[in-house]
Amino acid sequence: MSKPSFLSRRMLFVLGGLAVLAGGTGVYAASGDTPAPDRERVRKDTEPLLRRFRAIGQLSDPHWLGYNPNDSGRETIPDQDPRIRVVGIAQLPAGAVASIVRSSAYGFALGSPSKVPEALAQFLPEHPEWMNSPRYDRQITKSVYQGHFYFDRGTGCVYFDTINPEIV
């Protein structure tokens with residue numbers, strides 16, 4: 001039996017890493033065995049988010065996506081260094097958002113998320129007044145990964161948009 005090549009070992013490593021990030025679950029649509037692109041498969045599990053965004057607080061009722069924004073689906077060889085975008089919205093406990101955004105240490109200001117995936121648009125509040133703070137973003141990411149967090153006091157929601165979020 002021949003030894004696997006470096007490229008095939010690397011592909012197995014990358015694919016294994018994606019499976020771990022996805023929580024070990026297969027990427028299948030709820031309606032059957034038809035594979036759904038990660039860009040369209042809205043996830044509702046909280047465990048991966050709670051581990052990565054623990055500093056934000058107790059998240060509930062999440063709707064989120066995890067996918068490689070550089071993957072068009074037409075490539076036969078996966079990216080050697082995939083960038084996984086984890087983007088979504090979740091609910092925080094009553095009063096948590098007000099407590100976060102009123103902290104003078106972060107300097108929250110009005111700001112709106114950009115490039116909201118179409119699959120998530122239906123889960124966003126109707127008329128949010130998003131608040132964002134680059135200092136808060138750095139507090140959560142510890143500058144280890146890219147991430148932006150937007151809060152709406154009216155609904156108590158947090159919208160997150162991150163690249164390769166790690167547990168920090």
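The dialogue below turns to the sheet and then to the salt bridges.

Tutor: This is a predicted model, in which local features need pLDDT of at least 70 and side-chain atom pairs count only at pLDDT 80 or more, while totals for chains, interfaces and linings use all residues. Residues are numbered from 1 along each chain as its sequence is written, and side-chain values use heavy atoms, with hydrogens and water left out.

Student: In what order do the strands of the open sheet lie?

Tutor: Strands of a sheet pair through backbone hydrogen bonds, either parallel or antiparallel. Here the 6 strands follow the order β1-β2-β6-β5-β4-β3 with antiparallel pairing, where two strands pair if DSSP finds at least two bridges between them, and strands are DSSP runs of E, at least two residues long, numbered from the N terminus. The edge strands, β1 (60-67) and β3 (109-110), each pair on one side only.

Student: How many bridges join β2 to β6?

Tutor: There are 7 bridges between β2 (residues 85-91) and β6 (residues 157-163), and V86 has T162 as its bridge partner in β6.

Student: Which residue forms a salt bridge with R85?

Tutor: Side chains of opposite charge can pair when their charged atoms come close. A salt bridge is a side-chain nitrogen of Lys or Arg within 4 Å of a carboxyl oxygen of Asp or Glu; R85 forms one with D161, the closest N and O atoms being 2.7 Å apart. Because R85 lies in β2 and D161 in β6, the pair ties together parts that are 76 residues apart in sequence.

How values were computed: Helices (H or I, at least four residues) and strands (E, at least two) are DSSP runs, numbered from the N terminus.
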